[in-house]
Amino acid sequence: MRCMAAFFVSFLVGCGQNSRVPAENPEATWSLASTAQQSGTDVLLQAVSPVTDRVVWISGHGGTWATSLDGGETWSASVMAGEEELQFRDVHAVDAATAYLMSAGEGDLSRIYRTDDGGASWVLQFRASHPDAFLDCMDFWDRDRGLVFGDEVDGVLFILRTEDGGSTWERVPADALPPAQEGEGGFAASGTCIVTGPEGWAWISTGNAERARVLVTSDWGRSWSPVEVPSVAGSGAGLTTIQMAEDGRGIALGGVIGNDTTWSENVVVTVDSGASWTLAGLPAMPGPVYGSALVVDDERAGVVAVGPAGMNLSLDWGTGWQGVDTLTYWAVAFADPGTGWAVGPEGRVARLSFQLR
């Protein structure tokens with residue numbers, strides 16, 4: 001959609017009866033620590049894609065992308081030659097050598113690039129030809145099979161899919177899609193309005209329409225079904241980010257874009273792989289959520305949410321939320337249950353450490 005230092009905090013696991021009020025349980029204490037890093041750029045960073053706790057890619061405005069091969073202790077930032085006008089609002093890293101960049105913008109400013117040499121060279125794989133096209137986010141099942149979502153064009157939802165590493169990108173035909181709502185699309189905020197899952201499943205969160213929806217596929221993106229969700233919706237509002245766990249639980253978040261000081265019904269959750277959604281708790285921070293990440297292992301399930309008003313953490317799938325920071329972040333992702341990164345304006349990048357104490 002066209003709209004758009006270090007700290008240490010301990011949290012108590014929430015398990016309250018009222019889903020709109022955070023509650024605490026003193027039996028388990030978790031800590032989320034953040035350490036500011038030097039990204040080597042001062043542009044707005046909007047996407048992050050860790051491969052391991054050592055290898056991570058980030059991207060943003062001004063045709064900028066950056067990599068770290070040592071966990072963020074040092075970053076190498078670059079600008080794609082001749083493409084300084086591009087806004088790389090999503091990045092998907094396969095490994096230290098291979099990654100995809102997605103730029104968002106009107107018409108042919110929406111593009112997809114791939115590198116196989118660590119960014120020394122980039123191959124343009126897709127350039128939008130329709131003047132109303134606008135790419136929002138992408139995700140991949142593996143190094144070759146992936147999806148890209150964009151705003152509706154001429155009343156038809158815009159979903160691209162590839163099975164050959166982006167050598168060809170094909171648009172999903174209208175007869176395999178639900179009818180689009182007027183203006184419906186994603187919010188190109190953090191690259192997380194789409195998420196892939198096991199065995200060909202994927203989910204897309206939408207907004208800027210009369211009703212917010214989640215689009216679901218179980219056949220590698222060949223066909224899609226819509227599910228309405230009870231979150232805030234309307235022009236400039238809806239869902240911006242979605243995360244799903246392998247056990248069928250998931251969470252989608254969003255809000256009213258540009259309204260950074262008030263709360264809205266902007267968090268919904270599912271326990272049945274997206275077949276149905278219910279409202280969860282209000283975040284501790286006001287305003288919209290731009291990006292989110294799951295932290296899931298055998299002992300814990302956490303959701304980290306970021307936006308203009310800061311960073312929040314939920315340890316009970318969105319029932320209760322605790323504030324972590326008030327700095328603005330646009331995107332967050334974890335390489336493993338203990339290590340992640342968040343990025344934002346003015347080249348902001350922070351390494352996150354999540355631990356049970």
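**Close-ups of a predicted model**

Figure 1. Serine 59 belongs to strand 4, which covers residues 56–60. Who touches serine 59 once neighbours within four places in sequence are set aside? The contacts are Leu45, Gln46, Ala47, Thr64, Trp65, Phe88, Arg89, Asp90, Val91 and Leu101. Two of these names, Thr64 and Trp65, come back in the next view, as residues of strand 5.

**Figure 2. Strand 5 and its partners on either hand, strand 4 and strand 6.** Strand 4 runs antiparallel to strand 5, with 4 bridges joining the two; look for tryptophan 57 opposite threonine 67. The hairpin these two strands make has 3 residues between the strands, and there glycine 62 adopts a positive phi near 65 degrees. Strand 6 (residues 76–79) also pairs with strand 5 in the antiparallel sense, again over 4 bridges. In that pairing, tryptophan 65 faces serine 78.

Figure 3. At one end, 3 bridges pair strand 15 with strand 16, and isoleucine 194 has isoleucine 204 of strand 16 as its bridge partner.

**Figure 4. Strand 17, covered on both faces.** Zooming in on residues 213–217, we find that 5 of the 5 residues of strand 17 are buried. Arg213, Leu215 and Thr217 point one way, while Val214 and Val216 point the other way, and all are buried. Strand 16 (residues 202–205) runs antiparallel to strand 17 and is joined to it by 4 bridges; here alanine 202 stands across from threonine 217. Strand 18 (residues 225–228) is likewise antiparallel to strand 17, with 4 bridges between them. Valine 214 has valine 227 of strand 18 as its bridge partner.

**Figure 5. Leucine 315, a buried loop residue.** Leucine 315 sits in the loop that links strand 25 (310–314) and strand 26 (322–325). Is leucine 315 buried or exposed? With 13% relative accessibility, leucine 315 counts as buried. Valine 295 is 20 residues away from leucine 315 in sequence, and their C-alpha atoms are 9.3 Å apart in space.

**Figure 6. The largest pocket and its lining.** About 1000 Å³ of space lies in this pocket. Its lining is made up of 41 residues, and Asp139, Val195, Thr196, Gln243 and Phe334 lie nearest the centre. By type, the lining splits into 26 nonpolar, 9 polar and 6 charged residues. Several strands supply at least two lining residues each, among them strand 3 (45–50), strand 7 (88–93), strand 11 (135–140) and strand 15 (194–196). Which strand gives the largest share of the lining? That is strand 27, with 6 residues.

Note on methods: Residues numbered from 1 in each chain as written. Predicted model: local features only at pLDDT ≥ 70, side-chain atom pairs only at ≥ 80, totals over all residues. Heavy atoms only, no water. 1 Å grid on protein atoms, 1.4 Å probe; cavity = no way out; pocket = protein on both sides within 12 Å on 5 of 7 lines; lining within 4 Å. Points joined across faces, edges and corners; volume = space filled by probe spheres on them. Nonpolar A, V, L, I, M, F, W, Y, C, P; charged D, E, K, R; others polar. Buried < 20%, exposed > 50% of the residue type's maximum accessible area, 1.4 Å probe, protein only. Pairing = 2+ DSSP bridges. Contact = heavy atoms within 4.5 Å.
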